[in-house]
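Here are a few notes to read alongside the structure. Keep the picture open and look up each spot as you go.

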Amino acid sequence: RLASSTRLRARSFSRSAIEVVLPGKGEGFTVKGANGQDDATGYRVAKSATVKDGVARFETETRSEARELPFAQVEAANAAIRKAAYDVRIVRAPKGL
């Protein structure tokens, strides 16, 4: 008998941040990183990458949204997890620095 859903862990919430203080008040620096939300995995994952006030900041907030993931969504969830594994966080200095 095939399962009709996959059980997820109990409700959870986590937030993480990486901050890099940049020289010269961050003038001309840019960041590359994931921005946006994804909820294909039964968890709502919000990511942002910003430069503000001389600080490069990468944030991730994860919140469980469902107790079970329907079996029909498992393949899409696995694809989303594989894609997230390749998210990069890069701080680029201005030319000539």
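1. Let's start with how much is tucked away. This is a predicted model, and of the 97 residues in the protein chain, 19% count as buried.

2. Now the layout. You'll find one helix and eight strands in the protein chain. Walk along from the N terminus and the order is β-β-β-β-β-β-β-α-β.

3. How far apart in sequence are the residues that touch? Take the contacts between residues at least 6 apart in sequence: 69% of them join residues at least 24 apart.

4. Have a look at S12. This residue sits in the loop between β1 (5-7) and β2 (13-21).

5. Which residues does S12 touch? Leaving out residues up to four places away in sequence, S12 has contacts with Y43, T62, R63 and S64. Pick out Y43 from that list: Y43 is 31 residues from S12 along the chain, with 8.9 Å between their C-alpha atoms.

6. V91 belongs to strand β8, which covers residues 90-92. With a relative accessible area of 30%, V91 counts as partly exposed.

Key. Residues numbered from 1 in each chain as written. Predicted model: local features only at pLDDT ≥ 70, side-chain atom pairs only at ≥ 80, totals over all residues. Heavy atoms only, no water. Helix = DSSP H or I, 4+ residues; strand = E, 2+ residues; numbered from the N terminus. Buried < 20%, exposed > 50% of the residue type's maximum accessible area, 1.4 Å probe, protein only. Contact = heavy atoms within 4.5 Å.
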